[in-house]
Amino acid sequence: MATGLVKTNDPCFPWGDSIVEAVSETTDRLVRWRGIDFVVRPDDRPGMNAVDALRSNDSPLVLPEELADAVRRYGAGQPAQGDRERLVQATAHTTSQSVGLSSPLFDNIGGLHQPEADLDDGLADVWTQERLPQLWSKTESSKFLPAAEVPDFAFAGRNPAAAAAARALMAEIVRRQGGTPAEPEDYAALSDWLISVKPEERYGEILSLLPGTDELSPRDLFRAEVTLRNGFTEAVAKNDPSLASAAVQAASEKIDPQLRRLIEDSALASASGAITAGAGYSATGPSTIQPGREQRGLGG
């Protein structure tokens, strides 16, 4: 079938609408889709520019032609070989895009904002990786294919490099808070909370999750945020998620040496009873939430 804006009688249209509704219900946030624009693009053409998506109040849903055709065949009751995997990818792709469109509009329209756009993509992809199995039954995909018949919900992401970098960044945050290793609920909760934060404020909010950063001077706080932002950008550009972890570590090095010593020395952390008053996880893992963290929806 043809690419371009789909008509309301195209199976992709109600299918996509069901995903938007499921995402909005799950996140308790409005998805910035007008409900009329669904675009199928040629497989060899890039999707919508992520920076533009941050600034748009009426972004269309965009789906590669190969994935859209699988949805159409399921809608006609005539799935082809390989369509089961394509339906999973189509659902994940549209879920991730919808989650990204549930974030607040980007207020700062000056300068270069690829780091914010990359983080936006990565968080939406990680959210989808963690929530897709539970979301499936709320979408029309479950009418085409029950969840019990889906052997694998694996999804690399619309932006795999950004997804891997975001996951590494969150894993390091959890490690710094005392939870090792990070667990699925950590990724789900952290990605959901950060998506609810204005894109231009996210790197600063990430710093607030690190124990002891409230002790930083304004100058050091700014330098730590730049370090974090640049490190994440490099991680995506080089497709090396370890650079995102290193950026969190480098930002943490701005913390007062005594606090940093408590973070890095498990024996001292145990003796002190807590890493810091604002830490989100106990030394035993993310199941114990310290005061002040539950309002951010983290750790569960």
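# Helix packing and core of a predicted model

The model is a predicted one, in which local features need pLDDT of at least 70 and side-chain atom pairs count only at pLDDT 80 or more, whereas totals for chains, interfaces and linings use all residues. Residues are numbered from 1 along each chain as its sequence is written, and side-chain values use heavy atoms, with hydrogens and water left out.

**Overall composition**

- Of its 300 residues, 50% are buried, where buried means under 20% relative accessible area, exposed over 50% and partly exposed in between, with a 1.4 Å probe and protein chains only.
- The exposed surface comes to about 13,300 Å², and carbon and sulfur atoms supply 50% of that area; accessible areas are from the Shrake-Rupley method with a 1.4 Å probe, and for residues only the protein chains shown count as cover.
- Among contacts with a separation of 6 or more, 72% join residues 24 or more positions apart; a contact is defined by heavy atoms within 4.5 Å.

**Helix pairs**

- Two packed helices are described by the angle between their axes and the distance between the axes.
- Helix H4 (residues 83-100) packs against helix H5 (residues 114-135) at an angle of about 125°, the axes being 8 Å apart; axes are lines fitted to C-alpha atoms, for helices over the stretch in contact, and angles run from 0 to 180 degrees between N-to-C directions.
- H4 is therefore oblique to H5, given that angles under 35 degrees count as roughly parallel, over 145 as roughly antiparallel, 65 to 115 as roughly perpendicular and the rest as oblique.
- On the H4 side the meeting residues are Val-88, Thr-91, Ala-92, Thr-95, Ser-96, Val-99 and Gly-100, and on the H5 side they are Asp-120, Ala-124, Asp-125, Trp-127, Thr-128, Leu-132 and Leu-135.
- H7 and H10 cross at roughly 135°, with their axes coming within 8 Å.
- This angle makes H7 oblique to H10, and the crossing is right-handed.
- Ala-161, Ala-162, Ala-165, Ala-166 and Leu-169 of H7 form the contact with Leu-228, Phe-232, Ala-235 and Val-236 of H10.

**Nonpolar cores**

- The largest nonpolar core has 67 residues, of which Trp-15, Phe-38, Leu-169 and Phe-232 touch the most other members; such a core is a set of buried Ala, Val, Leu, Ile, Met, Phe, Trp, Tyr and Cys residues joined through side-chain atoms within 4.5 Å.
- Helix H7 (residues 160-176) provides the largest share of this core, nine residues.
- A second, separate core has five residues, including Ala-50, Leu-54, Phe-106 and Ala-117.
- Apart from residues up to four places away in sequence, Phe-38 touches Gly-4, Leu-5, Val-6, Cys-12, Phe-13, Trp-15, Gly-16, Trp-33, Leu-61 and Leu-63.

**Buried positions in helices**

- Val-23 belongs to helix H1 and is buried, at a relative accessible area of 0%.
- Beyond its neighbours within four places in sequence, Val-23 contacts Asp-28, Val-31, Thr-95, Ser-98, Val-99 and Leu-135.
- Between Val-23 and Val-99 there are 76 residues of sequence separation and 6.4 Å in space, C-alpha to C-alpha.
- Helix H3 (residues 65-75) has Leu-67, Ala-68, Asp-69, Ala-70, Val-71, Arg-72 and Tyr-74 buried, and their cover includes H1, S2, strand S3 (61-64), H4 and helix H6 (141-144).
- Ser-245, in helix H11, is buried at 16% relative accessibility and, leaving aside its neighbours within four places in sequence, contacts Ala-168 and Glu-172.

**Positive phi values**

- Asp-28 is not a glycine, yet its phi is positive, about 60°.
- Asp-28 sits in the loop between helix H1 (12-27) and strand S2 (38-41) and is exposed, with a relative accessible area of 72%.
- Asn-239, also a residue other than glycine, has a positive phi near 50°.
- Asn-239 occupies the loop between helix H10 (218-237) and helix H11 (242-252), and it is exposed at 52% relative accessibility.
- Gly-77, which follows H3, has a positive phi near 75°.

Note on methods
Helices (H or I, at least four residues) and strands (E, at least two) are DSSP runs, numbered from the N terminus. A crossing is left-handed if the near helix is turned anticlockwise from the far one by less than a right angle, and right-handed if clockwise.
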